[in-house]
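Keep the 3D view open as you read.

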Amino acid sequence: MPDTSHPRPLYGQFPTALRFSLRDQTRNRLAGLLLVVFVPVWYLVMDAMASGEVLDFKLYATGKVLHVDGARLTLISAGLNSVTMIAGFVVFDAVRKALAFDRRLVFAGFRQSTLIGAKTLAVAAVSGAIALYTALAVLFFWRPTAGGWFAVLAGFAAIALTYGALGLLLGVLVKRDLEGFFLIIMGGLMDTFLQNPLGNPLANKPVLQWFPSFGPMQFAVGGSLGHTALWGHLALGPAWAAAFGTVGLAVFRLRTRNRTYAR
């Protein structure tokens with residue numbers, strides 16, 4: 001464990017805090033195994049189960065209804081689902097385990113704003129890496145155009161950032177691993193499953209606009225299968241991430257404040 005009895009000068013605190021945050025979020029071996037093994041296996045299973053029937057998918061920004069290949073739509077949905085679980089799990093596990101150490105860093109002289117900035121950047125970096133791998137893995141099952149693949153990647157990155165921020169929020173709120181894992185896994189499954197009209201009667205209903213995966217799914221499908229860039233819907237992902245992250249970082253600030261100096 002690093003010696004925090006003599007903290008670095010203020011100008012050197014951020015690189016140190018960022019290194020700690022990245023280390024905590026990348027040392028989870030189970031998450032790494034899920035990313036490397038589970039993602040392609042999940043694609044394989046969903047691709048085998050999905051039929052090639054034509055499905056109707058509504059783009060809410062234009063009101064247009066796309067007639068798309070059900071197998072390709074299911075691959076996008078499966079990728080979003082994988083990203084939500086892994087990104088949320090990685091960040092939740094890292095933040096929860098590091099909370100006591102972060103509190104000691106504050107007591108040793110580290111600024112809370114520095115730790116908050118480092119955690120935010122680390123969440124963005126790890127979420128982006130998870131999204132990139134998941135988007136590359138889809139190429140073994142489907143080869144969209146370059147622009148279509150970019151739309152899939154952007155959708156994956158947006159939902160990864162959202163669930164990474166949710167993992168941060170749960171990491172500072174939830175006391176036990178089981179509760180956090182359950183909320184992330186079940187939330188991600190329900191969120192992404194409802195967006196796919198394959199076997200879901202609620203698909204294409206207005207109520208889905210209130211789910212975190214709505215914007216990323218709209219952008220990924222619109223760009224890859226409908227040749228339409230729905231930038232406003234893509235922005236919904238960072239908006240959800242900002243909301244989750246703001247609340248999570250506010251709670252983090254409260255739980256790591258130095259009460260000795262707060263009196």
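Beyond its neighbours within four places in sequence, Asp-24 is in contact (heavy atoms within 4.5 Å) with Ala-94 and Ala-98. Asp-24 sits in helix H1, residues 10-26; helices here are DSSP runs of H or I with at least four residues, strands are runs of E with at least two, and both are numbered from the N terminus. Asp-24 counts as buried because its relative accessibility is 14%, where buried means under 20% relative accessible area, exposed over 50% and partly exposed in between, with a 1.4 Å probe and protein chains only. The side chain of Asp-24 also makes a polar contact of 3.0 Å with that of Arg-23. Such a contact is a pair of N or O atoms within 3.5 Å; within protein, one must be able to donate a hydrogen and the other to accept it, and residues adjacent in sequence count only if both atoms are side-chain atoms.

Before going further, a word on the source: this is a predicted model, in which local features need pLDDT of at least 70 and side-chain atom pairs count only at pLDDT 80 or more, while totals for chains, interfaces and linings use all residues. Residues are numbered from 1 along each chain as its sequence is written, and side-chain values use heavy atoms, with hydrogens and water left out.

On a 1 Å grid over the protein atoms alone, a cavity is a set of points where a 1.4 Å probe fits but cannot get out, a pocket is an open set with protein on both sides within 12 Å along at least five of seven lines, and lining residues have an atom within 4 Å of a point. H1, H3 and H4 each give two or more residues to this lining, and H1 gives the most, with four. The volume of the largest cavity is about 50 Å³, taken as the space filled by probe spheres set on the points, which are joined across faces, edges and corners.

Now turn to the largest pocket, with a volume of about 260 Å³. Of its 13 lining residues, Met-46, Thr-74, Ser-77, Phe-193 and Asn-196 lie nearest the centre. Helices H2 (29-49), H3 (70-107) and H6 (177-193) each supply at least two lining residues, and the largest share, four residues, comes from H3.

Finally, look at the largest nonpolar core, which has 53 residues; Tyr-43, Ile-76, Ile-130, Phe-156 and Val-221 have the most contacts inside it. A nonpolar core is a set of buried Ala, Val, Leu, Ile, Met, Phe, Trp, Tyr and Cys residues joined through side-chain atoms within 4.5 Å. The largest share of this core, 14 residues, comes from H5. Leaving aside neighbours within four places in sequence, Ile-76 is in contact with residues including Trp-142, Phe-156 and Val-221. Apart from this core lies another, of 20 residues, among them Ile-116, Ala-118, Val-123 and Leu-168.
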